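The following paragraphs lead the reader through a protein model, from its overall form to single residues. Please keep the sequence and the structure in view while reading.

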Amino acid sequence: MTNLVYVVTNRKLIKSGNLCEKVEQCLKGGADAIILREKDLPSQELLSICLSLKKVTDKYNIPLIINNNIEVAKESKAFGVQLSFNTFKNEKIDFKGAIGVSIHSLEEAIKAEKLGANYVLAGHVFE
């Protein structure tokens, strides 16, 4: 079994420096992928941050995954998109890259796999 480290961003937690610098530090430290998860941003601002981060992740040949915004993932040519289980199971997903699904139970994981998810993410941070 391979253990991978996917770093999920939250620029509001950065006390010094900026998001690109922190992501680069994570990549130097061995991160296997970056999930850009900045849910409060409008698409254009998210795309701008995404394109800056993509330069960093491309430099290290590490996948950049966009949380919950298929259009930004497409426009930036991101490696993948991370979706909620409900979005994934209820919508037709028009994306050619990797599709990850956030799950909250073993049953959701099994269903996501059956529906074609490339991977699932079970990272409960909140109750």
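The radius of gyration is taken here over C-alpha atoms, and the globule rule is 2.2 Å times the number of residues to the power 0.38. For 127 residues this rule gives a value near 14 Å for a compact globule, and the protein chain, with 14 Å, agrees with it. Along its principal axes, the C-alpha trace spans about 40 × 30 × 30 Å.

The model is predicted: local features need pLDDT of at least 70, side-chain atom pairs count only at pLDDT 80 or more, and totals for chains, interfaces and linings use all residues. Residues are numbered from 1 along each chain as its sequence is written, and side-chain values use heavy atoms, with hydrogens and water left out.

The protein chain contains five helices and six strands; these are DSSP runs numbered from the N terminus, helices being H or I of at least four residues and strands E of at least two. Their order along the sequence is β-α-β-α-β-α-β-α-β-α-β. Of the 127 residues, 40% are buried, where buried means under 20% relative accessible area, exposed over 50% and partly exposed in between (1.4 Å probe, protein chains only). A contact means heavy atoms within 4.5 Å. Among contacts with a separation of 6 or more, 45% join residues 24 or more positions apart.

Helix H5 covers residues 106-114, and its buried residues are Glu108, Ala109 and Ala112. Viewed down the axis of H5, the buried residues fall within an arc of 100 degrees, so they line one face of the helix; the arc is that of the directions from the helix axis to the C-beta atoms. The other side of H5 carries the exposed residues Leu106, Glu107 and Lys114. What do the buried residues of H5 pack against? Their partners are helix H4 (85-90), strand E5 (98-102) and strand E6 (119-121). Just after H5, Gly116 takes a positive phi of about 105 degrees.

Attention now turns to a residue in a strand. Val81 belongs to strand E4, residues 80-84. Is Val81 buried or exposed? Val81 counts as buried because its relative accessibility is 0%. Leaving aside neighbours within four places in sequence, Val81 is in contact with several residues, including Ile65, Ile70, Phe95, Ile99 and Tyr119. Val81 and Ile35 stand 46 residues apart in sequence, while their C-alpha atoms are 8.4 Å apart in space.
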